[in-house]
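Here are some exercises to work through with a model on your screen. Try each task yourself before you read its solution.

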Amino acid sequence: MEQMQVDESVMKVEEPGHVTISNDSYEMETTTGTQPPHPGVHLESKTRLQIVVKKLHVCGEWKWLQGGEDTCGICRMEFESACNICKFPGDDCPLVLGTCRHAFHRHCIEKWIAAPTNQPKAQCPLCRQDWQVAEP
Amino acid sequence: MTTPSRRRLMRDFKKLQEDPPAGVSGAPTEDNILAWEAIIFGPQETPFEDGTFKLSLEFTEEYPNKPPTVKFISKMFHPNVYADGSICLDILQNRWSPTYDVAAILTSIQSLLDEPNPNSPANSLAAQLYQENRREYEKRVQQIVEQSWLNFGENEGDAVMKDEAPDAEDLPAGEVVDDQMDEGASGSNA
């Protein structure tokens with residue numbers, strides 16, 4: 001989860017419940033209520049309203065497009081968590097997909113391929129097919 | 001010091017506790033997470049039924065890219081178990097995969113008990129009796145099943161004496177062992 005702050009941006013109210021942010025401030029006409037507070041007295045008004053967003057909290061969630069809901073079969077951590085070698089998840093610890101469609105943390109599968117017992121050819125830890133990285 | 005293999009073993013341990021497979025249990029020793037002790041209960045309706053077999057698992061910093069060394073501590077009579085307790089099982093050697101964990105290892109050994117592989121005998125007498133004289137084979141297995149209770153009692157003896165000393169005095173030694181077995185058997189069903 002990441003949090004972003006947007007300061008001094010301007011919010012545009014297009015329809016109730018839908019908001020877009022633009023660089024310009026937005027002006028809109030106020031329409032006074034249909035039920036005047038003072039019966040018998042009704043003055044026309046053309047004042048315009050400007051909304052300036054001072055602060056906005058945005059919550060984001062990221063997920064690898066490959067890999068699905070699963071965990072890495074080698075380190076047993078979620079794909080979106082760091083592998084056993086890394087401190088932080090994300091771009092530093094991406095997934096690698098084999099031609100067999102099995103995905104692992106890059107560091108986890110690299111270590112398996114590099115193991116002396118897996119020379120010259122390593123197999124997929126899940127299906128034992130010869131491991132080959134899938135074309136992107 | 002935490003290393004990738006130690007972190008993986010902590011996850012294995014957590015999984016064993018949260019989602020324990022039937023009939024096996026295991027835990028790292030108190031001072032070394034690379035050295036584990038485990039118990040496999042003999043599968044029901046097999047000659048190994050009611051056995052409580054102790055094993056040791058020794059991991060290295062290469063785990064899970066290399067399998068642990070697994071040995072029976074309890075005496076075993078099985079076509080694929082050597083006299084020193086080491087086990088001839090393909091997934092612990094050339095068919096190892098880094099996706100295996102402690103639970104997978106222990107359940108594989110548990111199913112090996114009643115499904116020996118006569119093509120790779122580690123105990124030639126056990127292999128021969130298994131194929132040629134099943135009655136004698138089962139008799140020999142029954143002997144090591146009974147021995148496993150004695151070993152089990154001995155190893156856990158200290159704890160039993162501390163916790164149940166007054167009761168234990170009133171019972172003949174054999175019944176103390178039986179009590180332990182009941183605990184073990186109920187554990188395997190849980």
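**Exercise 1.** Sort the lining of the largest cavity by class: how many residues are nonpolar, polar and charged?

*Solution.* Step two is to sort: the lining has seven nonpolar, four polar and two charged residues.

Before you go on, note that this is a predicted model, in which local features need pLDDT of at least 70 and side-chain atom pairs count only at pLDDT 80 or more, while totals for chains, interfaces and linings use all residues. Residues are numbered from 1 along each chain as its sequence is written, chains are lettered from A and ligands numbered from 1 in the order in which they are written, and side-chain values use heavy atoms, with hydrogens and water left out.

**Exercise 2.** Find the largest cavity and say which elements give two or more residues to its lining.

*Solution.* Start with the term: on a 1 Å grid over the protein atoms alone, a cavity is a set of points where a 1.4 Å probe fits but cannot get out, a pocket is an open set with protein on both sides within 12 Å along at least five of seven lines, and lining residues have an atom within 4 Å of a point. Grid points are joined across faces, edges and corners, and a volume is the space filled by probe spheres set on the points. The structure holds two cavities of 30 Å³ or more, and the largest has about 100 Å³ of space. Among its 13 lining residues, I74(A), N84(A), K111(A), P4(B) and P64(B) are the closest to the centre. The elements asked for are α1 (106-114) of chain A and α1 (4-18) of chain B; helices (H or I, at least four residues) and strands (E, at least two) are DSSP runs, numbered from the N terminus.

**Exercise 3.** Which residues lie nearest the centre of the second largest pocket?

*Solution.* This pocket holds about 220 Å³ of space. Of its 15 lining residues, pick out W112(A), N118(A), Q93(B), N94(B) and W96(B). By class, the lining has five nonpolar, seven polar and three charged residues.

**Exercise 4.** In what order do the four strands of the open sheet in chain B run?

*Solution.* Two strands pair if DSSP finds at least two bridges between them. The order is β1-β2-β3-β4, with antiparallel pairing. At the edges, β1 (24-29) and β4 (69-72) of chain B each pair on one side only. Zooming in, β3 (residues 52-58) of chain B joins β4(B) over four bridges. Here E58(B) has T69(B) as its bridge partner, and L55(B) stands opposite F72(B).

**Exercise 5.** Which residues of α1(A) are buried?

*Solution.* Buried means under 20% relative accessible area, exposed over 50%, partly exposed in between (1.4 Å probe, protein chains only). In α1(A), the residues that pass are H107(A), C108(A), I109(A) and W112(A). Their cover includes β7 (95-97) and β8 (103-105) of chain A. For the whole chain, 28% of the 136 residues count as buried.

Notes
Ala, Val, Leu, Ile, Met, Phe, Trp, Tyr, Cys and Pro count as nonpolar, Asp, Glu, Lys and Arg as charged, and the others, Gly among them, as polar. Contact means heavy atoms within 4.5 Å.
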